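Please open the model in your viewer and keep the selection panel at hand. The tour below goes from one selection to the next and says what is found at each stop.

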Amino acid sequence: MQTLTTRSKVASNKKMTFVEKLYLPAIMGGMALTLKHFFKKKVTIQYPEQKREFAPVFRGQHVLKRDENGAERCTACGLCAVACPAEAITMTAAERKPGEEALYREEKYASVYEINMLRCIFCGLCEEACPKEAIFLTDRMVDTDYVRKNFIYGKDKLVDPLNNPIDVSKRETRETREFKTHPEFTHNKLNTKSLK
Amino acid sequence: MTFSLFIIYKIVLVVVVFLISLVIAMYSTYAERKVAAFMQDRLGPNRAGPFGILQPVADGVKMFMKEEIIPQVSNKFLFILGPSIAMFTSCITGAVIPWGTSLHLFGHDFSLQVTDINIGILYIMAVTSIGVYGIMIGGWASNNKYSLLGALRASSQMISYEVAMGLAIIALVMHTGTLSLKAIAAQQVGWHWNVFYQPVGFLIFLVCAFAETNRTPFDLPESDSELIGGYHTEYSSMKLGFYLFAEYINMFISSAIMSTLYFGGYNMPLIGRLHLSPNTAAILGVVFLFAKIFFFIFFFMWVRWTVPRFRFDQLMNLGWKILIPLSIFWVAITGFVTLMIHR
């Protein structure tokens, strides 16, 4: 039978020799081992200064993206809230007023968009459900806080900042784009119908 | 030397020795955490100040700010007396250790030893025996099962290992022919360190020193996996701090005693060839002594993070069935050899 490790030893009940009974050689061996570790390179990553590299598919804090002209993409369709298994997303829709075309891409927009970060399980289903390529999970961590109410993130924290947009190219893979434009899926059909 | 000058010199020396023991005990806690971390491939405390060197200060402030709890069912007088005795006894052992030869200043000789009593080793044995009372009284006064068990373990362990330690010292005294620590340190000029004449005696002394200071692998009185905190379970705030601090001072003092008794104290081989002025040589001697002490403190920590804790019956077996017969045997050998040489 193949052993699981190379270091396994068969236990035996044979009498210890005199040298073994002294224990001192064994203790010295142990101390040599700890001394070796004393000079080894440490594995610690010092968190706030040093950050561990995330996997490209890491799902962290959400962002509501803007389009190329800086208008919000979200149309408050509510598909993300429906898709959300933790029911963390709530929103209120509003109609775009004349003169607000630079702010919102389509006639309808979310006046309130809230994600409860304590409920969210960061599954990414909202991202998959979104027909407008508006919501994305990024490689940012949700900050800690002392009170629960601060974990309900509103549009002030979620919408992409105008001057330095957050990079979501890692999550915008070809497969997701294909999936989102695929005519077989219902949300795409609704999308094309409403646009017509 | 006039009387007033003598008093001032002694007071200064006492205060310096006291402060040095406190500072070393303080930084031993930091060193312990660093050594532990390094041996476990971690970094250890590194946030308070550069490399975390202000960590002991932060710990001290935390200890002082903690709520002071004296249990209702405890004996209040004894409850406070316990840590006081533990701290007091560990601080006064430094009095007989020769920290160096002597400094020649302003036409006077200032010996770097607080007091040279001719029974220095006996004094240390006596004071460490009183140290047991600190732990015993504290554990008893807490009126708590775990504390009492810890105190019982501490007292039985210390009494058992004091026998072997005393016998190891008897062998050493037979070799040196004096009980004065100053004379013992002075004898070990050059390479004549006692460890080369008393290797087994040193080994016994070392093991007993671990047991006397309640350090791993003999930390049964405070084994947290079995007894919560052992004798200091009920203690909080700075009274707990005193117990922990006393342990580190004990570690420092026993390192100093081991260096003095077996590793030549302030002597360093080959230093006589440099023809230094007496004062420089004395200061270098102090530096050498502290280098040896720091090595032993590191050794204490090194062992702590390597060797697991003994079971209580193993501890008693080792003390009574192995160390005591071995030390009696070693006393006999030493006596025989000494007789052969001096005949």
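In this predicted model, begin by selecting helix α3 (residues 76-92) of chain B together with helix α4 (residues 120-141) of chain B, which pack at an angle of about 160 degrees with their axes 7 Å apart. Because angles over 145 degrees count as roughly antiparallel, α3(B) and α4(B) are described as roughly antiparallel to each other. To see the contact itself, show the side chains on α3(B), among them Leu78(B), Phe79(B), Ile85(B) and Ile92(B), and those on α4(B), including Tyr123(B), Val127(B), Ile130(B) and Trp140(B). By class, this contact of α3(B) with α4(B) has 12 nonpolar and 5 polar residues, with no charged ones. Looking along the pair, you will find that α3(B) passes α4(B) in a left-handed crossing.

Next, go to chain A and select the open sheet of 3 strands, whose order is β2-β3-β5, with antiparallel pairing. The edges are taken by β2 (89-95) and β5 (152-153) of chain A, each with a single partner strand, so one side of each has no neighbour in the sheet. Between β2(A) and strand β3 (residues 108-116) of chain A, which run antiparallel, there are 7 bridges; one pair to pick out is Glu95(A) with its bridge partner Lys108(A) in β3(A).

Finally, return to chain B and select Ile324(B), which lies in helix α12 (residues 312-342) of that chain. Is Ile324(B) buried or exposed? Its relative accessibility is 10%, so Ile324(B) counts as buried. Beyond its neighbours within four places in sequence, Ile324(B) is in contact with Ser160(B), Val163(B), Ala164(B), Leu167(B) and Gly319(B).

Definitions and conventions. Residues numbered from 1 in each chain as written. Chains lettered and ligands numbered in written order. Predicted model: local features only at pLDDT ≥ 70, side-chain atom pairs only at ≥ 80, totals over all residues. Heavy atoms only, no water. Axes fitted to C-alpha atoms, helices over the stretch in contact; angles between N-to-C directions. Helix = DSSP H or I, 4+ residues; strand = E, 2+ residues; numbered from the N terminus. Parallel < 35°, antiparallel > 145°, perpendicular 65-115°, else oblique. Left-handed = near helix turned anticlockwise from the far one by under 90°. Contact = heavy atoms within 4.5 Å. Nonpolar A, V, L, I, M, F, W, Y, C, P; charged D, E, K, R; others polar. Pairing = 2+ DSSP bridges. Buried < 20%, exposed > 50% of the residue type's maximum accessible area, 1.4 Å probe, protein only.
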